[in-house]
Amino acid sequence: MSQSQSRNTVKNRAPAHIQISNEQLIKEANDHVQAQPLAPITQIHDKEEYQSYLASRRRHFEDNIRYRREHIGNWVKYARFEEDNKEFERCRSVFERSLEVEHRSAELWLRYGEFEMRNEFVNRARNILDRAVGILPRVDFLWYKYVFMEETVGDMEKCREVFERWMNWCPDEGVWLSYARFEVRFAKAVVKMEGGGVANLDRPTEVMKRYVNEYPCAKSFLKLAKWAEHEGKDIELARKVYEGALVELDTEEVRQARVFRQFASFEERQGEFERARVIYQHAIKLLNLEKTQSNLNETTTLSLHTTTPQQTTTTTDNNSTISDNERTRRAELYRSYVAFEKKHGTKDGIENVILTRQRLEYQRRTSLDPTDYDAWFEYAKLEEDHGDPTSVRDVYERAVGNVPPAEEKKYWKRYIYLWVYYALYEEMGRGELDRASEVYDACLGLIPHKVFSFAKVWIYAAKLHVRRRDLKAARKLLGRAIGMCGKEKIFVEYIALELMLGEVGRCRSLYNNYLKAMPHNCRAWAKYADLERSVGETERCRAMYELAVSQPSLDMPEILWKGFIDFEIEERESSNARALYERLLKLTGHVKVWISFAQFEGTNLGEGLQNARAIFDRAYTQLKEGGLKEERVLLLDAWRVFEKAEGDGASVAKVEARLPRRIKRKRLQRDEETGVELGWEEYFDYHFPEDEGAAASNLKILDVAAKWKTLQDNGLDSDDDDDDDDDDDDDSE
């Protein structure tokens, strides 16, 4: 019960009231360290004491052995003790007793053999290792120790005999390579003893051939070829081995990528670039590396998102499965081919390899996401630059076949350009205007015009008809566009087309339809008026402006009024322009209108400076009554500039006398919805000399305070000067 309560109790993890430092802990630990008792030193003075010491140590080892008879370490320590004391017979006796306990311990046999070798008992060591490999023939390090000893003592025939015995047990490939390297060393040693010459490597070659016959697989063939090239220095043998691997091995073994890669790399190192290229191309065709690379990239991309059992293998064209390791090696083989072509290939070959890789990449991207239109753009551009017309059209047809999944314009914006680029390729790249027109017709038939439309497609198609010298078809198409799309851009382009053709009547008809569809569009009214003016129809232009400004709803009426006034001024109808200004001021009292009106009166068409000053004065009075301080400042600035240009110094001074004084003030900000105070903000306010009231009196008080502070500062400065003078007088006295 107490244990369960202690487990359920919450521990107090707060820091203790008394803290202990690291230095204090180390100091206390050093203070409590107890000296460890040292083993007694045994001093031996005569033979009897030595024998007594040996007897005590042997009793100790025997006791350990009786306590743990199967522990190999006790036997090894016992034997080592006897060896250190030069009791070799006793040491052998210990090893033999241990082998009776555990005769299948490879480590024990190894220690026994090393003991005999350390003490140069070669025959005894040979006997021990011979017994060991007879009992444990599958333990390689015993055989290695055996052949190492025989080669060390220089008995090469005995060493070869041991290797031959070892080969009967069918060891792994490393043993065969060790045997072949031993034969190479033996051959070199014989040549060195004979005084020079070329080593005979027939025996090591036969050893490697026996290894290949013992293990007829791709790995053994490649080992033999590599050995023949680098260690045997026999290039012809290496080439025959590679060729034999492609002929003699099974189909599954031959279809390994590393066989072709090492064979091609060998030919490349020997300078046989054409042979290497043929090998690479044969491998690519046999293994279908282009398609495999595409599938590999797709599988790699998918593995970033999900993991399925199907991703561990991939299926080739003959329905055989390959491992992940083999798939990686095939990818490395293809990259090696690309690198080879870059180093040793011609310009066409290098470009072909690079283009193939790029095509595979685009095919992967488009297969993963068919609506990745950027990938389709790049793929089509690649085929346009380097492919034939059939491949280009095939890419475009596949691309435009991937219609966006929803009828929303944001999904169609990139897709439409596939059709546009397709048509441009047919027109500009191939010169086939009829096919380009068919492309635009197919695109227009695909767009859901009842939901949305694209004015650019209508316009591009119509311009193509114009370039085909088919004006009737172009007009018909633009007429359909107005009815089905009705966008402003279509009206503008249609009117521009008719204007270039000089069809003013058609332009007027189009402008009428334009204004019926968009009566609020001020740009349309202005362009219509400009058209009438350009053809010399002044009255029609004036009537058009009158009709435009009388519209109840306009998006940018300032464009029309400005254009109307500029038109009257250019026609030198000053009275009409003045009347328009007056009409505009009744609609809006904007300060820019007043400034423009006054400046107009100051020109040659106006009534002179006095009338301009009167308009400035009217504007100032109206803005003052409206409490528009910033607008009054703008007006006074424009008035001053006008007086400097047209008036004299007195008129300029009169305007400058009205200029305000800018004052920095603070006001409390509040949230409009919640009413919470947001803090104080600074702003600039303007005080005009003509304004009266509390604000003016407050400003007068501030002026007086500022003057008083200035006087005080000046007075303090003068007092300081007087004090300095008095100090100077005292010093002189």
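This tour visits a pocket, a loop residue and a strand hairpin in turn.

The model is predicted, so local features need pLDDT of at least 70, side-chain atom pairs count only at pLDDT 80 or more, and totals for chains, interfaces and linings use all residues. Residues are numbered from 1 along each chain as its sequence is written, and side-chain values use heavy atoms, with hydrogens and water left out.

**Stop 1: the largest pocket**

Select E558, W561, K562, L584 and V593. Of the 13 residues lining the largest pocket, these lie nearest its centre. Now colour helix 30 (557-570), helix 31 (574-587) and helix 32 (591-601), the elements that each give two or more residues to this lining. Helix 30 gives the most, with 5 residues. Helices here are DSSP runs of H or I with at least four residues, strands are runs of E with at least two, and both are numbered from the N terminus.

A pocket is an open set of points on a 1 Å grid over the protein atoms alone, where a 1.4 Å probe fits, with protein on both sides within 12 Å along at least five of seven lines; lining residues have an atom within 4 Å of a point. The volume of the largest pocket is about 330 Å³, counted as the space filled by probe spheres set on the points, which are joined across faces, edges and corners.

Next, colour by class. The lining has 7 nonpolar, 3 polar and 3 charged residues. Nonpolar covers Ala, Val, Leu, Ile, Met, Phe, Trp, Tyr, Cys and Pro; charged covers Asp, Glu, Lys and Arg; the others, Gly among them, are polar.

**Stop 2: N119**

Select N119, in the loop between helix 6 (106-118) and helix 7 (122-135). Is N119 buried or exposed? N119 is buried, with a relative accessible area of 19%. Buried means under 20%, exposed over 50%, and partly exposed in between, using a 1.4 Å probe and protein chains only.

Show E83 and F88 too: N119 touches both, not counting residues up to four places away in sequence. Contact means heavy atoms within 4.5 Å.

**Stop 3: the hairpin**

Select strand 3 (residues 661-670) and strand 4 (residues 677-687). They run antiparallel, joined by 10 bridges. Strands pair if DSSP finds at least two bridges between them. The two form a hairpin with 6 residues between them, and G675 in the turn has a positive phi of about 80°. Find R662: Y686 in strand 4 stands opposite.

Finish at K666 in strand 3. K666 is exposed, at 57% relative accessibility.
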